[in-house]
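Welcome, and please take a moment to look over the sequence and the model below. A guided walk through some of its parts follows.

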Amino acid sequence: AGGLLIGVSSRGLEFMGRSRLVSAASVGREQAQKNAEAFLEKMGYADLALYEAGGSDYVAAFRYAPTQDGVMRPDDALSISVALDDGSVYAFDATKYSARAIELSWNTDEEAARKTLPSGEEAVSARKLIRKSPGGNYLPCWELTIGDGEARVYVDARSGRQCAVEIDE
């Protein structure tokens, strides 16, 4: 559709992207986030939480994760970008989005998760997440953030063992 690429499946709108140059910023990031959330609401998405925000000087990018009992599932997140020149939705991707509920048990509390860190390391924050394992199974996890976000340690809330470490470069 002109400069607009749209992908639709039996689930509805899967992705959308605009092929236009955004060369100036006159809309603030807070307003861009409101526009993104209004678009998601209009499209019928519910029970989402902002997982991360970023972008460039001219396009604000957001990832919204579905929530289950107040716990985010970032591997099932959708992404949306808003052009900062006019506040319109610039790109949308829901190809990995899933709203289905997962049955999980949480056997490890936050204190026990923090104790899995190597001595001398301390988590500045902790939150529950539901992640996918490399095999595609859902895992209840504690996400422990080290330092100023330079590393995240994930602890399997069923076994109480570390299951992943991510280091920001």
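## Ground rules

This is a predicted model, in which local features need pLDDT of at least 70 and side-chain atom pairs count only at pLDDT 80 or more, while totals for chains, interfaces and linings use all residues. Residues are numbered from 1 along each chain as its sequence is written, and side-chain values use heavy atoms, with hydrogens and water left out.

## The chain as a whole

The chain has two helices and 11 strands. Here helices (H or I, at least four residues) and strands (E, at least two) are DSSP runs, numbered from the N terminus.

The C-alpha trace spans about 55 × 35 × 25 Å along its principal axes. Of the 169 residues in the chain, 39% are buried; buried means under 20% relative accessible area, exposed over 50%, and partly exposed in between (1.4 Å probe, protein chains only). Contacts, which are heavy atoms within 4.5 Å, can also be sorted by distance along the sequence: among those between residues at least 6 apart, 48% join residues at least 24 apart.

## Strands side by side

Two strands pair if DSSP finds at least two bridges between them. Strand β8 (residues 123–132) and strand β9 (residues 138–146) do this in the antiparallel sense over nine bridges, with Ala126 opposite Leu144 in β9. Five residues lie between these strands in their hairpin, where Gly136 takes a positive phi near 95°.

Strand β7 has two partners to look at. With β6 it pairs in the antiparallel sense over four bridges, and Val82 stands opposite Val89 in β7. This hairpin has five residues between its strands, and Gly87 in the turn shows a positive phi of about 80°. Strand β2 (residues 12–18) also pairs with β7 in the antiparallel sense, over three bridges; there, Phe15 has Asp93 in β7 as its bridge partner.

## A serine in a loop

Ser88 sits in the loop between β6 (78–83) and β7 (89–93). Its side chain joins that of Arg20 in a polar contact of 3.4 Å. A polar contact is a pair of N or O atoms within 3.5 Å; within protein, one must be able to donate a hydrogen and the other to accept it, and residues adjacent in sequence count only if both atoms are side-chain atoms. Setting aside residues up to four places away in sequence, Ser88 touches Arg18, Arg20, Ser81, Val82 and Ala83.

Pro66 belongs to strand β4 (residues 59–68) and counts as buried because its relative accessibility is 3%. Beyond residues up to four places away in sequence, its contacts include Asp47, Leu48, Tyr97 and Ser98. Pro66 and Arg100 are 34 residues apart in sequence, and 9.1 Å separates them in space, C-alpha to C-alpha.

Asp47, one of the residues that Pro66 touches, is in the loop between α1 (29–42) and β3. Its phi is near 55°, a positive value in a residue other than glycine, and Asp47 counts as exposed at 57% relative accessibility. Asp69, in the loop between β4 and β5 (71–72), has a positive phi of about 55° although it is not a glycine. Asp69 is exposed, with a relative accessible area of 78%.

## The largest pocket and Arg131

Which residues line the largest pocket? They are Tyr51, Glu52, Arg63, Pro74, Asp75, Arg127, Leu129, Arg131, Glu143, Arg152, Tyr154 and Glu166. By class, this lining has four nonpolar, no polar and eight charged residues (Ala, Val, Leu, Ile, Met, Phe, Trp, Tyr, Cys and Pro count as nonpolar, Asp, Glu, Lys and Arg as charged, and the others, Gly among them, as polar). Strand β8 gives the most to the lining, with three residues. On a 1 Å grid over the protein atoms alone, a pocket is an open set of points where a 1.4 Å probe fits, with protein on both sides within 12 Å along at least five of seven lines; lining residues have an atom within 4 Å of a point.

Arg131, one of the lining residues, is found in strand β8 and counts as buried at 16% relative accessibility. Its side chain makes polar contacts with the side chains of Tyr154 (3.4 Å) and Glu166 (3.1 Å).
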